[in-house]
Amino acid sequence: MTTKIIMDTDPGIDDAAALTMAINDPKIDLKLVTTVAGNVTVDKTTINALKIVRFFNQSIPVAGGAEQPLFKDFEDAARIHGESGMPGYDFPTDLPTPLKKTAVEALHDEIMASDEPITLVPTGSYTNIALLFSEYPEVKSHIKEIVAMGGSLSMGNMTSAAEFNVFTDPDAAAIMYKSGVPIVMVGLDITMKALLTHKSIETLPTLNEAGKMLHDIIIHDGDNSDAGIAMHDVNTIFYLLHPEAITTKDMWIDVVTDGAAIGETVGDIRGAYHDGKTNAKVSVDIDADAFNKWFIEEVRAIKD
């Protein structure tokens with residue numbers, strides 16, 4: 001069986017890798033890609049999504065979305081992903097045309113037309129998701145779950161408290177977590193454990209052209225360390241395909257929307273403050289070796 005998904009994304013180096021896995025794994029049926037401002041501006045994230053779709057000669061529709069957060073000033077991550085968001089590889093220039101629909105309209109139409117509940121995979125800020133739920137609340141009952149990259153119980157990568165995707169639009173994150181739709185939080189608690197090792201990165205260009213493409217953009221990631229590079233967004237696809245490799249805990253997540261801790265995701269780890277209710281499965285541990293092995297195997301299986 002395949003899992004039908006929609007990716008809402010802001011490519012971005014690791015978003016491009018996540019799209020690569022979603023497009024090519026036979027157990028994933030990627031129906032739509034929507035884009036949002038995040039790692040770079042939405043015009044650039046849309047072009048980057050189109051580049052990946054074109055690279056693999058796919059006809060997956062792409063719709064451009066929110067240009068800025070709901071209320072907060074926009075702050076990109078070009079310092080990590082470069083000015084284009086996806087530097088290092090010469091992609092085809094004959095790109096497909098994005099849909100004339102907005103991301104919210106495309107999300108609504110695809111979800112409502114599906115013959116089964118669909119999984120949303122947001123790997124950027126959640127602005128499009130919040131706007132979708134506000135404008136079309138009827139879609140909620142047609143969503144199987146949201147597997148969202150973002151948040152953290154223990155650290156931040158924008159501030160000491162806040163992870164980038166949630167920090168970018170905390171008000172949207174708060175709307176999503178209050179939506180009642182089942183959510184899996186794939187946050188820094190696991191993505192910083194499952195670094196793609198330098199050995200894995202060095203292997204990529206020996207596999208095929210897809211491996212060369214990924215290698216050439218990944219080595220431009222500004223979050224490089226001696227242990228490797230975090231492929232944050234790819235962990236969403238890894239979860240969908242290998243949930244047994246990720247440990248989750250059910251808990252209630254609140255989002256801080258103002259003040260010094262803006263963008264922090266606060267987990268009720270003791271179950272003490274929400275009458276025993278939970279609103280998310282929070283990823284707390286991961287088999288990092290299995291992640292690296294899977295990443296290489298996924299790329300190796302892609303046909304040139």
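Two strands count as paired if DSSP finds at least two bridges between them. Helices (H or I, at least four residues) and strands (E, at least two) are DSSP runs, numbered from the N terminus. What you have open is a predicted model, where local features need pLDDT of at least 70, side-chain atom pairs count only at pLDDT 80 or more, and totals for chains, interfaces and linings use all residues. Residues are numbered from 1 along each chain as its sequence is written, and side-chain values use heavy atoms, with hydrogens and water left out.

**Stop one: a three-strand sheet.** Select β7, β9 and β8: these 3 strands form an open sheet in that order, with antiparallel pairing. On the edges sit β7 (195–196) and β8 (224–225), each pairing on one side only. Now pick β9 (residues 228–230), which is joined to β7 by 2 bridges. Click L195 and you'll find A230 of β9 opposite.

**Stop two: β2.** Jump to residues 28–35. Is this strand mostly covered or mostly open? Mostly covered: 6 of the 8 residues in β2 are buried (under 20% relative accessible area; exposed is over 50%, partly exposed in between, with a 1.4 Å probe and protein chains only).

Highlight D8 and its bridge partner in β2, T34. Keep T34 selected, as it also stands opposite A63 in β3. Strand β3 (residues 62–63) runs parallel to β2, with 2 bridges between them.

**Stop three: the helices.** Show α1 (residues 13–24): with β1 and β2 it makes a right-handed β-α-β unit. Right-handed means that, with the strands pointing away from you, the path from the first strand over the helix to the second runs clockwise. Finally, α2 (residues 42–55) makes another right-handed β-α-β unit with β2 and β3.
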